[in-house]
Amino acid sequence: MSFRVDVLARFRRFYGAHVLHLLVLLACFAVFGYVVATIQPVTLWNSQKWWQSIAVWFAAAIIAHDLVLFPLYALADRVLAAVAPTRALNYLRVPTLGSGLLLLVYLPGIIRQGGDTYLAATGQTQEPFLGRWLLISAAMFVLSALVYAATRPRRPTRSRVVERPRQLRAEPADRRA
């Protein structure tokens with residue numbers, strides 16, 4: 001048993017994470033390899049319009065995230081950590097993350113990209129997307145603020161102990177005699 005623990009501890013020191021992390025990572029690469037083998041790499045490239053290729057968009061997303069967006073939101077988090085109380089940080093981070101992910105998912109609808117196609121497919125306009133995103137984002141921040149207020153530790157209030165006058169105090173039974 002100690003040999004197994006020693007091997008796992010050595011692996012964790014060398015790899016930097018648990019063995020399960022490596023196994024899940026390898027499984028993800030296997031699924032990715034299967035998908036690429038199934039759909040063929042040719043389908044990732046559009047020869048008529050190169051900028052519509054999935055490979056180009058994927059590479060651009062990696063570059064935009066790693067070189068532009070990550071430094072920006074890391075800086076924003078540092079500024080937030082310097083300004084906000086430590087305990088409140090996650091109550092600001094979670095709704096911000098949710099709002100950002102919803103913006104990423106619904107951005108084409110918000111900026112009304114593909115409006116004609118959306119109208120033909122659904123019979124509806126893209127008009128409510130922006131308002132709904134703003135409402136959902138506001139609701140997440142309000143809910144987070146309510147949870148923060150409910151879980152915030154209360155400061156004990158200084159309650160005055162009212163001392164009764166001496167003559168009204170009950171005397172111990174052995175003093176009465």
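View 1. The model is predicted: local features need pLDDT of at least 70, side-chain atom pairs count only at pLDDT 80 or more, and totals for chains, interfaces and linings use all residues. Residues are numbered from 1 along each chain as its sequence is written, and side-chain values use heavy atoms, with hydrogens and water left out. Ser 144 lies in helix H6; helices are DSSP runs of H or I with at least four residues, numbered from the N terminus. Leaving aside residues up to four places away in sequence, Ser 144 touches Tyr 91, Leu 92 and Pro 95, where contact means heavy atoms within 4.5 Å.

**View 2. Helix H6 and its cover.** H6 has 24 residues and reaches 34 Å from first to last C-alpha, close to the expected 34 Å, which is 1.5 Å times one less than the number of residues. Its buried residues are Phe 129, Trp 133, Ser 137 and Ser 144. Their cover includes H4 and helix H5 (115-122).

**View 3. Packing of H4 with H6.** The axes of H4 (residues 89-110) and H6 (residues 128-151) come within 10 Å and cross at roughly 170 degrees. The two helices are therefore roughly antiparallel, the class for angles over 145 degrees. The contact includes Leu 102 and Tyr 106 of H4 and Met 140 and Phe 141 of H6. Its residues divide into 15 nonpolar, seven polar and no charged.

Technical notes: Axes fitted to C-alpha atoms, helices over the stretch in contact; angles between N-to-C directions. Parallel < 35°, antiparallel > 145°, perpendicular 65-115°, else oblique. Nonpolar A, V, L, I, M, F, W, Y, C, P; charged D, E, K, R; others polar. Buried < 20%, exposed > 50% of the residue type's maximum accessible area, 1.4 Å probe, protein only.
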